[in-house]
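Work through the exercises below with the model on screen. Try each task before you read its solution.

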Amino acid sequence: MSINKENVRNFCIVAHIDHGKSTLADRLMEKTGQVSERDMEEQLLDSMDLERERGITIKLTPVRMFYKAKDGKEYIFNLIDTPGHVDFTYEVSRSLKACEGAILIVDSTQGVQAQTLANAYLAIDNDLEIMPVINKVDLASARPDEVATEVEDILGVPAMDAPRISAKTGLNIEEVLEQVIEKIPAPKGDENAPLKALIFDSYYDNFKGVICFVRIMDGQVKVGTKIRTFMSDKTFDVTEVGVFSPKMQPKDSLSAGEVGYIAASIKSIEDTAVGDTITTVENPAKEPLSGYKKALPMVFSGVFPLDGSKFNDLKDALLKLKLNDAALSIEPDNSAALGFGFRCGFLGLLHMDVIQERIEREFDLEIITTAPSVSYKVYKTDGTQMVIENPTHLPPVTEIDYMEEPIINASIFTPPDYVGPIMELCQYKRGVYKDMVYLDKTRVQLKYTLPLNEIIYDFFDSLKSRTKGYASFDYEVSGYQRSDLVKLDMLLNGDVCDALSIIVHKDKAYERGRQIAEKLKDVIPRQMFEIPIQAAVGGKIIARETVKAFRKDVLAKCYGGDVTRKKKLLEKQKEGKKKMRSIGTVEIPSEAFISILKTDNDR
Amino acid sequence: MSGIYIHVPFCKQKCTYCDFASYPRELCKAESYFACLYREIDGRSKQFPGRVIDTIYIGGGTPSVVDAKFIAGAIRQVKKCFHVRETAEITIEINPGTVDEQKIKEYKSVGINRFSIGLQTGFDDQLKKLNRIHTAKDFLTCCNLLKGENISADVLIGLHDQTLEQVKKTVDLAIAGGVSHISVYALTPEVGTPIYTDYLNGELLSDDETADIYDGVREYLKAKGFDRYEVSNFCKQGFRSRHNMNYWKRGEYIGVGVSASSFMNDKRFTNTFSIDEYMNAVIYNKSPEISNDLIEEKDARFEVIMLALRTTDGLNVKEFNKKFGIDFDTEYKTQLLKKGKYLLRDGDNLKIKDEYLYVQNDILLEFM
């Protein structure tokens, strides 16, 4: 059965974080009868527990809806919900390729924010029709007309007739649906042409193998079709095709213009890379669709099992997560302090946080993550060049000619009151001022270039706390820049702990060394002997703290014959110790490695 | 060696730090409680026939708050049901202000030959704060009644604003009372006790401050002729508590009464903490136990180590090897290597170095 493309609309929703993407998606599904109000679990598309708890969308999620429009025709809507956080811009850009249009939600109390702009530009770059929607008009502080003007001024997108809605209360949702039909073009494509299906996401299912989320651009695919991709020469027999409603629902076939999934007993996710094009073996398309640029991990961190014997479990967990997360990079790593583990690359700190939490929750593994690092370019005196993602691998100072660090272009949106504090922060973070634009009376856009290495510490938290949460922030990596960097080592009881080493700017070394030593003093529990904590640069000690030996660690109240209870108390103590890792003679709680990040340098 | 522990779950009023099974308002049940206790003693003697008893310990609560005839009855019952050695050590815990000449006479008449007095501190304001029922002077009066007897005193450290000088004065008071044994316990704030609130509010001494006092008082006691023989226990030569030594040697003991714990035939079991439940069980010939665990060999080994290392005698490795049929040094090679510097090895004897006895948990955990 072929569908009438004229009655299909493929679109995604983009917005700044918290402007109401997932809520609107829920409302649309409810309105189109996809889910009854009674069955409705808040924010249906955020299916990961983690997503719902944190109120963020991490994975993009497609859903198919039927809508009987005012013109009497029935339409098929394929909606793709997208993440809003800057770390996941890549996921957004993928979903855009599968659509003809994008609903751009703007919070009518906050107006255009950093990711509103970033995502809107992404959509424009992908030739998508942009359909603005003004959300949260039910709130007292809403200023829908001003915000509509703002959208026109800043983004150059007509917004006067944008639906004024409240996704929360359901106000004017119908208008959104009608405008989707009116403004977003129907898909083009030829169902009789050779198959071209764009893989925009995939995940691994234990029973069906890899499930590819596809947008069919041309042709048709059905159960039994022999398929292959352009990047791999393996062929597969399609075992199932279907659509998302929002759970996967098998269909006989998918044809040009449709969004759905394909399963073909594919064992390895590598065989169906996201961005690749699927075609048929019998009648292959001549060339693939233009894919995506690969997501490059920006932040690197060591991930080690707390219990050294769980190395293989951790490997399995990471490989499973990688199946569904092309942006995650994994490489075996070996630390003198922490043993065998992995050096993982992430899109950003939130991505890292999410992966870490998923390992612990979904695989029930306790892990230690080391302080994140970025990748540095090291130019050696012998004329060779190397890329360092792990401070431990930095060659001796004598072999280094100079180093380069990644630089970002940052765009910060803020009410004018906070310009001062933000400039102070950026300066402290070694930022270079580029530009300042007054967007309107209430918003300023600040542009800075900053070293990425400063952003991965606590930039975001500091920005939020200095602006009472009003500022928003977006960045893109612009390149590398020569910089005076040094390796800061931490010594515990006289020995360097490689897992605590970081690369910092020379001018920051003393301050950070002192902060980290102080922090470690707080998190390392007292032990049977005194533990000196020292920070060193190139063998020179620049800071010192001491963890005193404990004086009392005994079951003092020990009368009576209740040995069982005493044993229980010791067992409890032992449990606590299991969360610790022995580094030489010193025992360190697993959170110590990451806590050195959270030094409060917001003086 | 075998011991019997008899629990008396009554007192005049609860001390602020007490989390033992002791119920001041249930004192009226003493008569029926003891009737049940006698019955349990009889039952336990049939359950564990042929035991020779070396020590009996009557603890609480405050055993001295009940009529002496109940205590005497309990001892007579034990002697009737078990074979109690002539030389047995028979201890009773008493509190100042709850005994008179008559009571003590009655205790002695049934063979009680050791008196453990709850002194806690020699300062009346501190005693009052702990909700103790007596004054420092009452302690001396009590000791006077016990002239010439084998007396022990309990002393608490870690009290709010307590100083080493105060603890030394408390020790002086105990020595003036003629004690030959002193237990120095660090106040342990247990959840549910009034003192736990003080602890949460930071009103008790820190571990470091408590350790300072402990070290100071240990030195002071040594100068006065009291040697430490276990983490919290000090005595003049020849006055160790045999009952407690039996615990640390992992000897067998039967605990009778509410909340009492036993260790017999490789099993550890504990009675209910409720007086009513206890009496009901005993009357209807049911078990008053709320837990009963067989100790596996691995746990047994750890128990031997953990208990022995509390004492200054330490662990006899040869006996250990004989008991478990393994070689201690091979079995615990890594542990000994890792914690060796805190241990002292002298022939077959292994003990924790004196200066580390108060930070022993970290060592014990290795052997777990």
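**Exercise 1.** Which residue in strand 15 of chain B is the bridge partner of Arg345(B)?

*Solution.* Keep in mind that this is a predicted model. Start from Arg345(B) and cross to strand 15 of chain B; the bridge partner there is Leu350(B). Next, look at the two strands as a pair. Strand 14 of chain B and strand 15 (residues 349–352) of chain B run antiparallel, and four bridges join them.

**Exercise 2.** Find the order of the strands in the open sheet of chain B, and then name its edge strands.

*Solution.* Three strands form this open sheet of chain B. Read across, their order is 13-15-14, with antiparallel pairing. Now check the edges. Strand 13 (315–316) and strand 14 (343–346) of chain B each pair on one side only, so they are the edge strands.

**Exercise 3.** Locate the two domains of chain B and describe the side of domain 1 that touches domain 2.

*Solution.* The domain assignment gives domain 1 of chain B as 2–247 and domain 2 as 297–367. Their C-alpha centres lie 29 Å apart.

Second, count the contacts, taking C-beta atoms within 7 Å. Seven residues of domain 1 of chain B are in contact with six residues of domain 2 of chain B.

Third, find the elements on the domain 1 side. Helix 8 (207–223) and strand 7 (227–230) of chain B each give two or more residues. The largest share, three residues, comes from strand 7 of chain B.

Last, sort the residues of that side by type. Five are nonpolar, none is polar and two are charged.

Key
Residues numbered from 1 in each chain as written. Chains lettered and ligands numbered in written order. Predicted model: local features only at pLDDT ≥ 70, side-chain atom pairs only at ≥ 80, totals over all residues. Domains from an automatic or database assignment. Contact = placed C-beta atoms within 7 Å. Nonpolar A, V, L, I, M, F, W, Y, C, P; charged D, E, K, R; others polar.
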